[in-house]
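Visitor: I would like to learn how to read a model like this one. Where do we begin?

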Amino acid sequence: MLVGRQSWRFDTRPVILSSAVVGGPFEAQCPLADDFDYFHDDLWLQQDSFEKAEVKLLEHACEKALEKAGLKSQDINFLLSGDLDNQITSSSFAARGLKIPYLGLFGACSTSMEGLALASKIIDNDGANYVMAATASHNAAAEKQFRYPTEYGAQKPPTAQWTVTGAGAVILGREGKGPRIISATIGKVVDLGISDPFNMGAAMAPAAVDTIEVHLNEMNLESDYYDLIATGDLGFTGYSIACELMQKRGIKMDNNRYTDCGILIYGNDPKVFSGASGCACSAAVTYGHFFNRMKRGELKRILIAATGALLSPMSYQQKESIPCIAHAVSIEYIQ
Amino acid sequence: MPKKKKNTPIQKDYQILAKKLEPKRNVALNVIRAFFTGGIICTVSQLLQNIFILYFGFDESQAGNPAIAVLIMLSALLTGLGVYDHIAQWAGAGISVPITGFANSIASAAIEHRSEGYVLGVGGNMFKIAGPVIVFGTFSAFVTAIIKILLKAMGG
């Protein structure tokens with residue numbers, strides 16, 4: 001049901017039947033390593049290109065989610081997936097292998113929640129029995145696409161972020177045991193003129209705050225309704241800016257309640273500078289870490305606002321600023 | 001080049017806020033590191049040059065070339081071993097300004113695009129980063145040469 005201008009309340013409360021998260025070798029050492037289902041110890045995943053490795057990651061997460069739900073790929077009505085590669089080839093190539101009817105999405109790093117919101121809407125509207133939402137990113141493939149060759153010696157500034165190598169997938173159904181999707185808010189594209197691709201956190205923070213604010217207003221909620229509110233991949237820089245912005249706009253937000261997936265996944269590792277980014281960042285933390293915490297009863301209601309920077313290497317070279325977006329999904333798990 | 005878009009007051013306010021909260025590059029530390037790494041690389045290069053003069057019979061005007069070739073090979077090797085980018089993160093301009101940076105930019109692009117094949121991948125992308133340096137280097141050499149000729153013609 002549409003609430004306000006841009007939010008959906010899902011009356012049937014679609015259930016997350018299973019979720020799976022896979023990561024690369026660097027992720028195996030991260031503080032949240034216990035919440036991953038599998039780590040590949042080879043950044044290439046025995047493939048001959050980083051792009052093919054990303055396809056493998058995505059396929060693996062999808063297969064793992066199917067296995068955990070006890071379903072076969074023929075049971076799934078639709079696959080909604082997106083990634084950071086040109087023309088979202090990783091998703092389309094993975095869909096080729098999985099043979100599930102497929103809708104490709106591009107929301108950059110906000111794809112995880114874009115997919116989850118749309119999948120919930122399809123289930124809620126009686127459009128499917130099972131929908132899978134998935135996303136992936138690969139550090140080296142993203143560097144190659146958006147920045148410099150991986151071995152190129154450019155000095156990165158402290159605001160730079162580290163693209164997560166990994167993939168996350170969820171399977172949604174009508175009934176069953178698991179976290180339930182309560183509502184979602186689709187974000188507007190916000191651009192406050194930041195044009196430095198090594199400062200994505202600052203570019204994306206206003207979009208995240210905008211979506212969270214709209215969500216709370218349209219759902220008529222205070223932020224303390226949620227046990228946890230997390231942005232996708234703002235990193236340390238973007239997180240501190242988002243906190244300041246929320247204060248300025250009069251959004252009451254307890255700093256213990258608000259966190260960022262880009263900070264959580266690698267912790268204070270200096271190698272990642274300002275934190276993590278990439279489609280897999282919010283997917284891995286939400287589908288792994290947060291769901292596990294929900295299953296342990298530590299969290300009941302969470303709001304995830306996945307953030308995406310909608311730039312291309314060409315738009316940056318043409319001196320365009322970075323348009324950003326955030327989509328929020330509200331998830332509840334009451335045992 | 002399109003004109004830079006004017007920022008709205010909201011965008012300007014936000015950029016001031018963001019600037020205030022973002023961690024700054026430690027310029028002083030970067031300069032010191034660059035000074036010492038750059039210095040070390042140049043000293044090594046001089047040492048190589050002396051070795052080529054002493055033991056390989058090069059004269060002073062030619063010894064620079066084999067010394068540079070050794071540096072190029074070393075940086076290409078370190079790039080291939082995946083070490084170079086870590087040194088560069090620490091050393092910054094100290095390692096990218098000497099010939100080492102040029103060699104790394106070509107080697108890294110060649111490695112990166114190996115997956116797209118030898119011709120379109122390696123061949124087509126090798127000079128992705130180094131290309132502009134060559135283009136503008138050649139162009140500025142041309143301009144400088146013209147100025148020199150003009151000055152000579154005017155009896156300078």
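Guide: We will go through confidence, charge pairs, cysteines, helices and strands in turn.

Visitor: What scores does the model carry?

Guide: This is a predicted model. Its ipTM is 0.88 and its pTM is 0.94. For chain B, the average pLDDT is 93, and 96% of the residues score at least 70.

Visitor: Now charge pairs. How many salt bridges are found over all chains?

Guide: The general idea comes first. Side chains of opposite charge can pair when their charged atoms come close. Here, a search of the whole structure finds 20 salt bridges over all chains. One of them joins A:Lys144 and A:Glu51, with N to O at 3.5 Å. A:Lys144 sits in helix 4 (residues 139-146) of chain A, and A:Glu51 in helix 1 (residues 50-69) of chain A. The two are 93 residues apart, so the pair links distant parts of the chain.

Visitor: Is A:Lys144 buried or exposed?

Guide: A:Lys144 has a relative accessible area of 10%, so it is buried. A:Glu51 is at 22%, which means it counts as partly exposed. The cut-off for buried is under 20%.

Visitor: Which residue of chain B forms a salt bridge with A:Lys144?

Guide: That is B:Glu116, with the closest N and O atoms 3.0 Å apart. B:Glu116 lies in the loop between helix 6 (99-112) and helix 7 (118-125) of chain B, while A:Lys144 is in helix 4 of chain A, so this pair joins two chains. B:Glu116 is partly exposed, at a relative accessible area of 36%.

Visitor: Which salt bridge does B:Glu22 form?

Guide: B:Glu22 pairs with B:Lys19, and their closest N and O atoms are 3.4 Å apart. B:Glu22 is buried, because its relative accessible area is 14%.

Visitor: Which residues are linked in a network of salt bridges?

Guide: One such network links A:Lys188, A:Asp210, A:Glu213 and A:Arg249.

Visitor: Are A:Cys62 and A:Cys279 buried or exposed?

Guide: A:Cys62 is buried, at 1% relative accessible area. A:Cys279 is buried too, at 0%.

Visitor: How do I read a helix? What does helix 3 of chain A span?

Guide: Start with the pattern. An α-helix has 3.6 residues a turn, so residues three or four places apart point the same way. Then check the length. Helix 3 (residues 111-124) of chain A has 14 residues and reaches 19 Å from first C-alpha to last. That is close to the 20 Å expected at 1.5 Å a residue. The helix is mostly covered, with 13 of its 14 residues buried. After helix 3 of chain A comes A:Asp126, with a positive phi near 65°.

Visitor: What span should helix 8 of chain B have?

Guide: Helix 8 (residues 130-153) of chain B has 24 residues, so it should span 34 Å at 1.5 Å a residue. Its end C-alpha atoms are 35 Å apart, which agrees. B:Gly155 follows helix 8 of chain B, and its phi is positive, near 85°.

Visitor: Which strands pair with strand 11 of chain A?

Guide: Strand 14 (residues 301-309) of chain A pairs with strand 11 of chain A in the parallel sense, over four bridges. There, A:Ile229 has A:Leu303 as its bridge partner. Strand 12 (residues 258-260) of chain A also runs parallel to strand 11 of chain A, joined by three bridges. In that strand, A:Asp260 is the bridge partner of A:Thr231. Between strands 11 and 12 of chain A, the chain passes through helix 6 (residues 235-248) of chain A, and this β-α-β crossover is right-handed.

Methods. Residues numbered from 1 in each chain as written. Chains lettered and ligands numbered in written order. Predicted model: local features only at pLDDT ≥ 70, side-chain atom pairs only at ≥ 80, totals over all residues. Heavy atoms only, no water. Salt bridge = Lys/Arg side-chain N within 4 Å of Asp/Glu carboxyl O. Buried < 20%, exposed > 50% of the residue type's maximum accessible area, 1.4 Å probe, protein only. Expected span 1.5 Å × (residues − 1). Pairing = 2+ DSSP bridges. Right-handed = clockwise from strand over helix to strand, strands pointing away. pLDDT = per-residue confidence, 0-100.
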